[in-house]
Amino acid sequence: MGEEGTEGTVHLLCLAASSGVPLFCRSCRGGAPARQQLPFSVIGSLNGVHMFGQNLEVQLSSARTEDTTVVWKSFHDSITLIVLSSEEGTSELRLERLLQMVFGAMVLLVGLEELTNIRNVERLKKELREALSGFAEAAGTAFGSLVVSGRVVAATESWWRLGTPEAVLLPWLVGSLPPQAARDYPVYLPHGSPTVPHRLLTLTLLPGLELCLLCGPRPSLSQLDPQLLDRWWQPVLDPLRACVPLGSRALPAGFPLHTDILGLLLLHLELKRCLFTVEPSGVQEPSPEHRRRLLRSFYTLVTATHFPPEPGSAEDKVEEVAQRTQVPRACYLVSGPEEPGMGWRLVAVQAGPRRLLLLLSAQSPTHALRGLATHTLQALSPLL
C-alpha cells in the first residue's frame, strides 16, 4: 500500500454497518505491518460520525486533515470499511478503490452470503420451523419447540398459540431441570388443561439444545427412535449449532450491536413474543442482575406512562381512541446524574407492532439515543 509517495501509515478498519462493532483492524507502514494501532476511541469516533450522518441522510465519503486522508464506504448495508492514510500524495479515489478491493477479497474468501448473514435469519428460521413441524407431525403432536437455556428459539405455530402461563412456564421448567438425554414429564397446563395432565417429552439434540414435544398418551418416549431423529434433524445440524449460543446472548453469533448497548428488550405486541438479553457483549459493569432491574423498572415506567397498553388488555376503548394521536414515538431516561460519562442511559422507541427498550452505557450521548435505538430496531426486526 506504499508504492506511491513517501512512506506513511495506512489503517484499515472493518465494522458491522448496523452497530459499529469492529470486525477487524489492520495497520501497515511501507507495505509491512505497523506497530502503531488506532485506539478504540478513535475507531468509535470515525464510525460514529459516519453513522450520525447516515441518520440525518447525509453520506460522508471522505475527509482530510493536514497529514491524513480518510475514506468511508459501506457495502450491502452490512459492512463498513474505513481507511486512513498518511502517505504523501494519496487520493480519495485510490483509497476508495482500495476499499472496493478489500471487500472483494472478503467476498472471495467467505462469500457474500456469509458477510450479510443477518439478512438470512428468515431462511434459518424457516429451515428450523420446517424440520420442527415435520418431526412433530411424525411424532403425532402439533406442539413442538427448540429450547436453549430456557428460551424458545423456534416453535410450531400451535406451540406459539399456547396460553400465556404455559407458554412462559414450559421453557422455564425445561431450563431449570438438570441435563438429561431424554425426559417424559407430566405437566398440567394452567390455561389449556388445568385438570388433565399432558406429557412433556424432551430430547437433547446438542449440548444445551433440547427438543420439546407436548403430547397426550402417545407417542411413548421409546417410539422416538434414532432413525426418526436422524431423518428430520441431521440435515439441519448447522442451523441447530447456530442456536446453541443463543442462550444468554439471545442473538445469533456475530450479530452486530453497538458497543454502548448493555441490554435490550424487543417486544412484538401482535405476536406476543419478545427478545431479551442483558449480556450482548463481554462488558462486566453493571452486573447482569442490575441490568435486569434497570430494564424492568424502565419497562414498567414507559408502559404505564408513555406507550399504549399492549393488545388484549382491558382498557376503555373510547379513551384509547382519544389518546392514540398523543402516543410518543420515543422516550429516554438517565439513571443518575445527567452529565457526560455519568448515569446509565435508557431509551425506548416504538414502530408499528414492535417496541424496543435499550440500556446503554454512560458514555452514550443523549442527543444520539433515538437514532441509535431506531437503527438497532431496524437491525433486530428480521429476528422478531
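Where does K272 lie? The residue is found in the loop that runs between β12 and β13, where helices (H or I, at least four residues) and strands (E, at least two) are DSSP runs, numbered from the N terminus. The structure is a predicted model, in which local features need pLDDT of at least 70 and side-chain atom pairs count only at pLDDT 80 or more, while totals for chains, interfaces and linings use all residues. Residues are numbered from 1 along each chain as its sequence is written, and side-chain values use heavy atoms, with hydrogens and water left out.

Most residues other than glycine have a negative phi, and most peptide bonds are trans. K272 has a positive phi of about 60° although it is not a glycine. With a relative accessible area of 64%, K272 is exposed (buried means under 20% relative accessible area, exposed over 50%, partly exposed in between, with a 1.4 Å probe and protein chains only). A further backbone feature is the cis peptide bond from R218 to P219, whose omega is near 0°. P219 belongs to the loop between β11 (209–215) and α7.

The strands β12 and β13 lead on to a sheet. Strands of a sheet pair through backbone hydrogen bonds, either parallel or antiparallel. Here five strands make an open sheet, ordered β13-β12-β16-β15-β14, with antiparallel pairing; two strands pair if DSSP finds at least two bridges between them. At the edges are β13 (273–277) and β14 (330–335), each of which pairs on one side only. From one strand to the next the twist averages 10°.

Within this sheet, β15 (residues 344–351) is joined to β14 by six bridges, and the two strands run antiparallel. L333 has L346 of β15 as its bridge partner, and C331 has A348 of β15. Seven bridges connect β15 to β16, again in an antiparallel arrangement, with R345 standing opposite L360 of β16. The two strands β15 and β16 form a hairpin with two residues between them, and G352 in the turn has a positive phi of about 60°. β15 is mostly covered, as six of its eight residues are buried.

Helix α10 (residues 288–305) lies across β12 (261–268), β13, β14, β15 and β16 (354–360), and runs at about 135° to β16. Helix α12 (residues 369–380) packs on the sheet and touches β12, β13, β14, β15 and β16, its direction making about 125° with that of β16. For these angles, axes are lines fitted to C-alpha atoms, for helices over the stretch in contact, and angles run from 0 to 180 degrees between N-to-C directions; contact means heavy atoms within 4.5 Å.

Strand β5 (residues 69–75) includes T69. T69 counts as buried because its relative accessibility is 3%. The side chains of T69 and R64 are joined by a polar contact of 3.0 Å (a pair of N or O atoms within 3.5 Å; within protein, one must be able to donate a hydrogen and the other to accept it, and residues adjacent in sequence count only if both atoms are side-chain atoms). Beyond its neighbours within four places in sequence, T69 is in contact with several residues, including A63, V83, L84 and L95.

Turning to the rings, the structure holds two aromatic pairs. Rings of Phe, Tyr and Trp (its six-membered ring) pair if their centres lie within 6.5 Å; planes under 30 degrees apart count as stacked, over 60 as edge-to-face and the rest as tilted. F75 and F103 are stacked because their ring centres are 4.3 Å apart and their planes are at 5°. F75 lies in strand β5 and F103 in helix α2 (residues 92–110), so this pair ties together parts 28 residues apart in sequence. Both F75 and F103 are buried. F135 and W233 form a tilted pair, at 6.1 Å centre to centre with 50° between the planes. This pair links distant parts of the chain, with F135 in helix α4 (residues 121–138) and W233 in helix α7 (residues 226–233), 98 residues apart. F135 is buried at a relative accessible area of 0%, and W233 is buried at 3%.

Charged side chains also meet rings (NZ of Lys or CZ of Arg within 6 Å of the ring centre and within 35 degrees of the ring normal). K73 lies over the face of F75, 5.8 Å from the ring centre. The charged end of R273 sits over the ring of W160, at 3.9 Å from its centre.
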